[in-house]
Amino acid sequence: MIGMNTSMMLLILLGVPAFAAVVLGFVGDRKFAPEINIAGSAATFVAGIGLALEVLERGSMLAGGKFFFVDAFNVYLSVLTAFVSMTTAIFSRRYMRREREHGRVGHVGMRFYHAMFQLFIFAMLLCLLTNNVGVLWIAMELATLSTVLLVSLYRTPTAIEAAWKYFILCGVGIAQALFGTVLLSFAAEKVIGEGGEALLWTNLSAVSGSLEPTVLSLAFVFLMVGYGTKVGLVPLHNWLPDAHSEGPTPISAVLSGLLLNIALYALVRCKVLVDGSTQSHHAGNIMMGFGILSIVVAAFSLLRQKDIKRMFSYSSIEHMGIATFAFGLGGPVATFGGLLHMLVHSLAKSAIFFTVGHASQMHKTQEMSRIRGLFKGNPLVGWGLMFGVMAIVGMPPFGIFTSEFLILTATMKDAPYLTPFLLLGLGVAFAALLRRVQPMVSGEIPPYQKPLKVANVPVLLHLALVLMLGVYMPDFLNNWFHAAVELLK
Amino acid sequence: MNAHRIIIEFAQIAVVLALSPVFIGWVRMLKCWTQGRTTAGLFQPYRDISKLFAKEVVLAENASWIFRFTPYLVFAVTVLAGGIIPILSAHLPLSATADVIVLVALFAIARFFTALAGMDIGTAFGGMGSSREMTIASLAEPAMLMAIFTISLAAQSTSLSRIVQVIYTAGPVLKPSIAFAFIAFILISLAETGRIPVDNPATHLELTMIHEAMILEYSGRHLALIEWAGMMKTLLFMALGATLFFPWGIDATDTVSGASLAFVFLIIKLAGAGVVLVLIETGLAKMRLFRLTEFLGSAFLMATLGMLSFFILE
Amino acid sequence: MSFSPLDLAAISVAVMLLLAPAAAVSGSRTPLMVTICFMLAAIGSLLGAYAGAMAVASGSVGSAVLAVGLPDLPFHMRLDPLSGFFMTVVGLLSFIVSIYSIGYVKAIAKHRPVTRLIAFYALFIAGMFMVILADDALFFLVSWEIMAAASYFLVLFEDERIENRRAAFLYMVVAHVGAIAILLSFGVLAGIATVPAAGLGLAGADPAGFTAFRGYTFDAMRHANVTPGWATAAFLLAFFGFGAKAGIIPLHVWLPEAHPVAPSNVSALMSGVMLKTAIYGILRVTFDLVRVFPWWWGALVLVMGLVSAVIGALFAMMQGDLKRLLAWSSVENVGIILIGTGLAMIYASFNSPVLASLALIAALYHCLNHAMFKGLLFMGAGSVLHATGERDMDRMGGLIHKMRWTAPLFLVGCVSISGLPPFNGFVSEWLTFQAFLLSPAIPNQIIRLLIPMGAALLALTAALAGAAFVKAFGVTFLGHARTPGIGAAHDSSRTMKLAMALAAALCLALGVLPSVVIDWMDSVPQQLTGSSISGSAGAFGWMWLTPVASERASYSGAATFLVILLVTAVVWLLLRVRAGSIRRAAIWDCGFEKLTPRMQYTSASFAMPIRRIFSFAFGVRERVKLVPQAAHRAFPSRIQYAIRISDRFWMWLYRPIVDASFWAARLAGMLQQGRIRSYLIYSFVTIIVLLLFLK
Amino acid sequence: MNLALAAQINSFLAALVLVTAFGMLVQKRVYGLIHLFAWQGFFLSLNTAIVGYVAGKHHLYISSVLTLSIKVFVLPYILHVLVNRLKIRRDVETVVNIPRTMLIGIALVIFSYHLTSPVRELSTLVTRSTLAVALATVMIGLLMMITRTHAVTQIIGFLALENGLFFAATSATYGMPLVVELGVALDVLIAAFIFGIFFFQIHAAFDSLNVDQMARLKEGE
């Protein structure tokens with residue numbers, strides 16, 4: 001990577017998935033398509049690492065004629081996105097092959113799947129790296145559109161229904177975000193002047209203090225509802241359990257693990273601007289409200305789930321609620337916790353979806369009452385699921401405990417009256433998830449369970465990382481987070 | 001430690017060993033008199049015991065070592081108890097070994113193992129006896145400790161010799177707390193020693209017996225030891241009552257002659273205690289098992305009242 | 001090169017932590033691997049116990065900061081007398097149980113893989129050690145939950161059985177709720193109490209936000225100025241959290257479910273020492289972190305202790321499952337420990353450090369004792385389970401003839417736990433009684449009066465426990481075999497017997513030599529209350545225990561033991577010299593001839609009188625079914641009797657919570673009724689509400 | 001063309017956009033809806049061109065042309081084709097309670113006006129007063145999606161909503177930067193492609209395009 005400048009690095013980072021999408025569109029359902037998929041994602045990941053090293057060395061920077069902007073906040077999310085995409089690609093090789101064998105996906109579907117997967121990664125990375133709030137919106141919409149048809153890949157009525165809801169609700173939601181963006185640019189133009197620069201985030205944040213507060217708070221409402229729909233905050237969440245549970249599992253993994261993060265990223269970026277302008281905690285309060293509501297509603301919803309992927313989708317809502325709450329609360333500790341939470345939730349949740357995918361393939365159902373005896377049937381899937389759930393419910397020594405600990409401590413300090421709600425949600429979610437997962441992993445192997453070759457690297461890698469983040473945080477990550485906290489102040 | 005204390009100690013143990021059958025004999029005599037029967041004499045219990053010692057032991061075929069070990073243990077524990085209660089002297093060397101809580105626990109050991117022995121053979125009676133015995137104990141023990149604690153609080157000690165010394169030096173003063181404790185103590189003694197109205201030592205009527213049910217299968221020297229220990233226990237409770245509530249006459253001077261004098265007083269006290277015991281037993285009928293709750297409950301109430309009046313009135 | 005106690009403790013933790021993945025990876029299927037793993041666990045535990053004992057003996061404090069943890073809050077470790085004492089308790093029993101496990105787990109390994117058992121076993125012990133060594137809130141909670149999770153997986157070991165799954169789930173949920181409460185408690189102590197709460201929104205302006213983390217070290221909490229109101233909140237939360245782990249009534253529901261179904265070596269550790277970590281937590285928070293507290297905290301602990309003790313003993317008496325009985329008895333014993341703790345707190349709050357020390361010693365001594373005898377009893381129950389495959393006492397009987405070693409060792413446990421001299425249970429109960437009787441020293445009139453009433457309840461508990469263990473031993477080991485399968489029972493393997501013998505020996509030693517032990521552990525009350533009792537307790541040499549003053553009370557376990565032994569021996573010898581013919585004959589039974597094993601008293605019938613007397617405490621459902629004969633309706637051909645004793649707390653407390661949760665879940669589900677247009681309405685309404693909110 | 005005239009034309013076109021929005025809210029026939037939608041797009045494109053001319057922003061011409069081509073020709077054409085292919089041209093929706101819907105629509109207009117009034121005070125642009133109409137169009141589009149049960153009408157509502165956004169962008173800030181405009185246009189095209197596929201999928205799976213039938217994924221019994 002030495003000698004390569006940042007623009008080049010960015011070009012590779014964004015170009016590889018875009019190019020891979022095109023290539024895979026042509027390759028179609030050939031035998032080596034999954035390998036190309038993996039190779040593309042791996043190359044993206046390497047480029048992401050390279051970019052991260054750059055940022056580590058030089059701090060945040062602009063590139064590509066101010067079109068791109070890289071700082072501690074988005075670079076870690078980029079690396080995370082590239083990483084989870086890579087592991088998901090590895091996972092999906094075995095998984096999708098199996099689905100193909102079962103005849104759930106045709107060869108058009110496979111072509112589509114691979115191409116859209118890469119396009120989706122491209123859209124997410126673009127979302128993260130662009131400096132333009134408008135492009136951010138476009139990329140977000142692109143990310144939605146590229147996954148809509150993946151959700152309906154199986155063509156079952158429920159899958160189509162889920163995809164339709166995903167399409168309409170997110171479309172409407174994100175349209176609200178566009179209205180918010182328009183208002184943002186309206187406010188910016190008065191300060192920065194007309195022209196294309198008014199939507200550049202770096203410019204906006206530089207002048208955020210002098211932006212008109214009334215417009216910005218109006219804009220924030222629309223941005224909140226818009227991106228909040230994509231984050232899956234209650235009561236805008238209704239598409240999420242459907243979409244995350246009906247699509248192929250690799251897509252569920254990236255939707256839950258990555259796309260929600262990206263939406264939250266967009267929301268937080270906007271919140272920083274609004275806070276700078278209004279000099280009040282209104283935006284934060286709204287986010288805290290949505291966060292708490294999401295945590296509590298999602299936690300109680302978990303109690304009555306029957307479909308395994310649907311249940312974990314609700315768990316994603318809950319965790320996004322936690323992260324939103326943390327960013328809404330503000331303050332270094334909570335923000336640090338929120339950043340960490342995005343990271344570990346993403347790793348843990350995608351690991352869970354990997355195991356869930358295998359488990360439902362083994363039993364040919366997503367119904368939890370039919371999934372049994374995973375410990376005995378396939379220790380990796382069983383224990384992976386168990387530890388994944390242990391992680392996701394916030395058991396130490398996994399990283400989610402650490403982030404929740406940070407968020408809780410900050411809450412106790414700054415908003416003690418909200419702690420009970422937070423804890424109520426966490427406690428109920430704990431009981432609800434454990435109640436469902438325990439019978440699935442334990443017991444005897446049911447007769448209809450079929451053995452399966454599983455992709456074990458992604459699960460182990462993710463869980464190991466989550467475990468590591470629970471007890472030890474590398475210095476560079478700590479520095480990044482601190483820098484990001486500084487940015488989001 | 002002085003030599004004469006050790007002499008007194010052994011003397012006291014000997015007195016307990018020797019006097020207990022006589023005391024039972026005395027009680028039986030009194031009973032016969034009240035019921036207008038001829039008596040078997042004061043020393044009939046001796047004759048019973050020695051006859052039992054001479055007899056061969058008939059052991060149930062499935063009796064385990066618990067069954068054979070229990071008589072010795074029960075006997076030993078009772079002897080130890082006899083060594084720590086200040087009957088003749090308030091300065092017994094063994095008294096420091098154990099205070100009044102230990103004393104209660106010593107009787108509990110005996111009961112624990114007797115109950116186990118009762119279950120060892122595997123008869124219905126044995127289990128029944130054990131079950132009832134442990135039930136009664138679990139009600140009697142708190143009341144017993146409550147009564148004793150009342151006195152301990154007054155004496156600021158749980159050490160038996162200390163309590164006796166304190167009460168002795170205080171002289172005969174009527175304290176409501178002590179009076180309540182005394183009534184509670186009498187009631188509990190009846191339960192602990194297996195007398196009417198709680199248990200009837202003379203009965204072998206299948207469904208009413210408690211203590212006897214546990215030791216039904218014993219014979220020969222094992223039975224002798226258990227019987228003897230039982231007699232000692234009765235005597236010890238009488239002596240304990242006498243010494244805690246009416247210590248006067250006990251040897252407070254810490255001399256052999258004082259102890260001899262205390263022996264004379266002891267005989268008188270025991271004779272009186274026997275009379276009281278017989279009066280109670282003749283006056284009351286044996287209770288049903290589940291009415292014992294009320295009986296022991298009132299004992300507990302008395303002890304509690306004693307403790308309350310200690311704090312409130314004294 | 002010399003190691004400090006803390007180094008040794010850290011090494012032992014490291015051994016345990018490494019053993020877990022090593023066992024998981026190596027597969028540990030062969031008997032040799034099992035032996036090696038448990039030998040290592042035994043060595044590690046012994047090391048931990050030794051380190052703890054050293055720390056207690058020297059009264060020294062060692063602390064260290066680890067490289068792991070959060071960047072702004074690395075893990076802190078500290079070994080002081082209090083943690084040293086609990087290290088010793090945990091390490092000692094873990095050592096014994098590890099030896100026991102060699103034989104026990106090898107037997108299990110014959111018919112199922114045991115990798116999981118070994119790995120989580122090591123992790124469990126490591127977790128307990130770390131809980132005790134932790135010196136900041138984060139590390140404490142991490143360790144606490146590792147301990148909980150490891151034990152959860154151990155309870156879940158035989159996961160094909162529904163009762164294991166149910167118990168494990170219940171256990172984990174209660175444990176987690178408890179952990180949340182503990183977290184809150186630390187949060188109160190560290191966050192709210194120390195730094196004045198920054199107004200909402202202003203927190204973002206605090207550039208040194210991360211410095212607040214220093215408040216999360218125990219050291220900072222020690223020096224924090226906590227307002228009484230917040231301190232009370234912290235205490236109540238901590239008491240709730242630790243109480244959930246200790247199994248205090250009414251947070252006990254999981255305990256009688258989870259402890260019995262775990263493998264017996266694990267039950268031994270869970271009941272024997274895991275509960276003690278909760279006691280440790282209570283002591284740590286009250287005496288060490290908060291330090292100054294009102295008397296009613298102690299009164300609360302005392303009352304909860306009394307309630308737990310009595311109800312625990314009553315329910316123990318009612319159980320027909322041997323391990324369940326032992327589990328309920330753990331509730332009882334935790335109650336007794338809490339009684340001592342509560343008394344200590346009361347005395348400490350009235351500025352009577354000496355009396356507080358006495359009560360504290362009583363509590364700590366009972367911790368140690370309970371670890372030994374409950375460990376012993378669970379190991380014995382494990383041997384019985386292993387030999388017979390039964391946990392139901394009503395299907396056993398007569399095992400004393402088959403298990404020549406296990407029976408007497410189990411008996412030692414029963415005698416100890418029933419509080420009979422000269423064994424150890426009596427010493428701590430006696431000390432607790434002494435602590436009760438010192439109440440006149442309290443200036444407050446009404447407490448002075450009420451405390452001795454507690455002594456009566458303690459006496460009741462002790463007597464009920466005695467009855468329960470007569471039943472436990474009597475029904476299991478004595479009499480005839482109630483089912484034919486029992487006849488094939490055999491005694492356990494050598495390592496199991498060795499471990500039980502070790503525990504039994506310790507039970508006796510702790511009972512006979514209390515002054516030596518108290519002399520050793522005296523640095524703990526010294527640390528917590530600033531006063532010690534060893535000066536008076538051992539004033540008359542090792543044989544005599546005189547906690548306050550010799551004229552106040554004295555006890556010599558050794559003398560009692562010797563005299564009983566002597567008299568027994570002398571009488572036995574005297575009688576042996578004479579005749580000594582013993583004839584074995586058929587059972588007499590008042591001449592009844594058709595005795596069958598089914599006529600024996602069962603555990604239910606044994607408990608009947610007490611069940612009747614204390615019927616108000618249980619939810620009893622008895623059902624008698626008569627199958628009438630065709631000829632004579634009056635004479636039934638068969639009678640079926642079924643009894644179910646249920647815990648009323650479940651009905652009164654837990655059921656409503658569960659119902660409310662599902663009610664709320666239904667409510668939450670109503671948000672999602674499937675019609676996309678409703679969802680659009682949500683979105684629409686949300687925007688409008690937010691816009692109105694903004695106005 | 002002077003500014004006053006431009007403002008008048010602008011206002012007039014805004015009124016027309018609003019009227020078409022209301023028209024769509026109550027129009028029952030699919031074809032009628034498509035036509036109304038095309039008209040709305042046309043007014044929008046005209047408006048953009050005029051604003052571009054007045055403000056001298058030449059990139060607005062591009063976006064005007066984009067609007068014209070996509071919203072007036074491409075999308076209505078696609079919708080036409082789909083309606084023909086799916087044989088739903090005669091589908092008539094039962095729109096419940098038109099007066100009430102209209103009242104809510106009017107309330108929304110007032111609400112939008114109320115909301116945007118502080119923004120209007122701040123603006124110096126000629127188009128500033130149309131922001132309220134833009135917001136109202138967005139809201140009415142959303143309302144239409146709520147009241148209609150047909151998948152095609154829902155999509156048209158969605159597109160009308162998008163029109164409102166576009167209108168807002170033009171009127172509040174003289175349009176977004178070109179790259180954003182192009183991106184949004186691309187997104188709309190992709191969306192059109194996707195809903196096209198969806199209509200077929202839904203039709204195949206549910207045998208009708210009534211969105212209320214799609215209510216299998218829900219919580220509860």
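Two residues are taken to be in contact if their C-beta atoms, placed from the backbone, lie within 7 Å. Of the four pairs of chains in contact, chains B and C share the most contacts. The complex is a predicted model, in which local features need a pLDDT of at least 70, side-chain atom pairs count only at pLDDT 80 or more, and totals for chains, interfaces and linings use all residues. Residues are numbered from 1 along each chain as its sequence is written, while chains are lettered from A and ligands numbered from 1 in the order in which they are written.

The predictor gives the complex an ipTM of 0.91 and a pTM of 0.92. pLDDT is the predictor's confidence in each residue, from 0 to 100. Its average over chain D is 84, and 93% of the residues of that chain score at least 70. Within chain D, confidence is lowest in α4(D), at a mean of 84, and highest in α5(D), at 89. Where pLDDT is low, the predicted coordinates should not be read in detail.

Helices (H or I, at least four residues) and strands (E, at least two) are DSSP runs, numbered from the N terminus. At the boundary between chains C and B, 69 residues of chain C are in contact with 67 residues of chain B. On the chain C side, the elements that give two or more residues are α15 (424-437), α16 (445-477), α21 (557-577), β3 (582-585) and α22 (603-613). α16(C) gives the most, with 14 residues. The residues on this side of chain C divide into 46 nonpolar, 16 polar and seven charged. Here Ala, Val, Leu, Ile, Met, Phe, Trp, Tyr, Cys and Pro count as nonpolar, Asp, Glu, Lys and Arg as charged, and the others, Gly among them, as polar.

Strand pairing also links these two chains. Two strands pair if DSSP finds at least two bridges between them. Strand β1 (residues 57-60) of chain B is joined to β3(C) by four bridges, and the two run parallel. In this pairing, V58(B) stands opposite R583(C).

Chain D meets chain A through 37 residues, which are in contact with 38 residues of chain A. On the chain D side, two or more residues come from each of α4 (98-122), α5 (131-147), α6 (151-173) and α7 (178-206). The largest share, 14 residues, comes from α7(D). This side of chain D holds 29 nonpolar, four polar and four charged residues. Other chain pairs do not touch. No contact joins chain A and chain B, and their closest C-alpha atoms lie 40 Å apart. Chains B and D also have no contact, with their closest C-alpha atoms 53 Å apart.

Chain C is divided into domain 1 (1-195 + 214-234) and domain 2 (650-664 + 671-694), with bounds from an automatic or database domain assignment. The C-alpha centres of the two domains lie 40 Å apart.

A residue is buried if 20 or more other C-beta atoms lie within 10 Å of its own, exposed if 12 or fewer, and partly exposed in between, with C-beta atoms placed from the backbone. Strand β1 (residues 62-70) of chain C is joined to β2(C) by six antiparallel bridges. The two strands form a hairpin with two residues between them. A64(C) stands opposite M77(C) in β2(C). Six of the seven residues of β2(C) are buried, so this strand is largely enclosed by the rest of the structure.

R78(C) is found in β2(C), which covers residues 73-79. This residue counts as buried because it has 23 C-beta neighbours inside 10 Å. Leaving aside residues up to four places away in sequence, R78(C) touches V61(C), S63(C), S83(C), L133(C) and D135(C). G669(C) is 591 residues from R78(C) in sequence and 48 Å from it in space, C-alpha to C-alpha.

Strand β4 (residues 619-628) of chain C is joined to β5(C) by ten bridges, and the pair runs antiparallel. The bridge partner of E622(C) is I643(C) in β5(C). Of the eleven residues of β5(C) (residues 636-646), the number buried is zero, so this strand lies largely in the open.

In chain A, V393(A) lies in the loop between α15 (379-392) and α16 (399-414). V393(A) counts as buried, with 25 C-beta neighbours inside 10 Å. Residues up to four places away in sequence aside, V393(A) touches A429(A), F430(A), L433(A) and L434(A).
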